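Dear colleague,

I am handing over the structure below, and I would be glad if you could look through it with the notes that follow. Please read them alongside the coordinates.

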Amino acid sequence: MAKVSVSASLENEELTMEERNLLSVAYKNVIGARRASWRIISTIEQKEERRGNENHVSVIHDYRAEIETELSSICDKILKVLYSRVIPVAKAGDSKIQNLEMKGDYPAGVSTSFDLLDA
C-alpha cells in the first residue's frame, strides 16, 4: 500500500487519481479489518468481565492491546507517507483535498475505535 505512493513520490510526481484512490481504499480496508476485530474482541472482553472470568479477560485484554498497536502502527505509516511524500507534491486542487481528507481520516479512525470501549 505504501509502496504505491512511495514509488510515485520518490520522483516528486503527484499521485494520479487512480493511485490516490488505490492508496485510500487499501488503507481503509486494512484499518477496517482491524477495527472490526477490535470491536469483536472488546465485546467478548466485556461479556467475560460480566461473567467474572478474570483469566479470559486478561488474555483478551492482551490481544485487544495487540490489535490497538497494529492499528496505531498502520495509521502512523500512512500518515508518515502522506506528510513526507504525498501532500508536499500535490498540486491540483482535488488532489490536495483528497490527500488532506486522508490525513484527517486515519487518526480519527483510531480514536473512534478506542473511544467505543469507553462509551
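**The end of H2 and what surrounds it**

Directly after helix H2 comes glycine 52, which has a positive phi, near 80°. Please keep in mind throughout that this is a predicted model.

As for the overall make-up, the protein has four helices and zero strands, and along the sequence this reads as the pattern α-α-α-α. Of its 119 residues, 32% count as buried.

H2 itself consists of 35 residues, and the distance from its first C-alpha to its last is 51 Å, which is close to the 51 Å expected at 1.5 Å a residue. The buried residues in H2 are Arg20, Leu23, Ser24, Tyr27, Val30, Ile31, Trp38, Ile41, Ser42, Glu45 and Glu48. As background to the spacing in that list, an α-helix has 3.6 residues a turn, so residues three or four places apart point the same way.

How do the axes of H2 and H3 cross? Helix H2, covering residues 17–51, and helix H3, covering residues 54–86, have axes that come within 9 Å and cross at roughly 160°. Because an angle over 145 degrees counts as roughly antiparallel, H2 is roughly antiparallel to H3. The crossing of these two helices is left-handed, and the contact of H2 with H3, sorted by class, has 15 nonpolar, four polar and nine charged residues.

The largest nonpolar core holds 14 residues, of which Leu23, Tyr27, Ile31, Ile74, Ile78, Leu82 and Val86 touch the most other members. The elements giving two or more residues to this core are H2 and H3, and H3 gives the most, with eight residues. In soluble globular proteins, nonpolar side chains tend to be buried together.

- Leucine 23, in helix H2, counts as buried because its relative accessible area is 0%, under the cut-off of 20%. Between the C-alpha atoms of leucine 23 and isoleucine 78 there are 9.0 Å, although the two are 55 residues apart along the chain; both belong to the residues of the largest nonpolar core that touch the most other members.
- Valine 59, in helix H3, counts as exposed because its relative accessibility is 57%, over the cut-off of 50%.

With best regards

Methods
Residues are numbered from 1 along each chain as its sequence is written. This is a predicted model: local features need pLDDT of at least 70, side-chain atom pairs count only at pLDDT 80 or more; totals for chains, interfaces and linings use all residues. Side-chain values use heavy atoms; hydrogens and water are left out. Axes are lines fitted to C-alpha atoms, for helices over the stretch in contact, and angles run from 0 to 180 degrees between N-to-C directions. Angles under 35 degrees count as roughly parallel, over 145 as roughly antiparallel, 65 to 115 as roughly perpendicular and the rest as oblique. A crossing is left-handed if the near helix is turned anticlockwise from the far one by less than a right angle, and right-handed if clockwise. Ala, Val, Leu, Ile, Met, Phe, Trp, Tyr, Cys and Pro count as nonpolar, Asp, Glu, Lys and Arg as charged, and the others, Gly among them, as polar. A nonpolar core is a set of buried Ala, Val, Leu, Ile, Met, Phe, Trp, Tyr and Cys residues joined through side-chain atoms within 4.5 Å. Buried means under 20% relative accessible area, exposed over 50%, partly exposed in between (1.4 Å probe, protein chains only). The expected span of a helix is 1.5 Å times one less than its number of residues.
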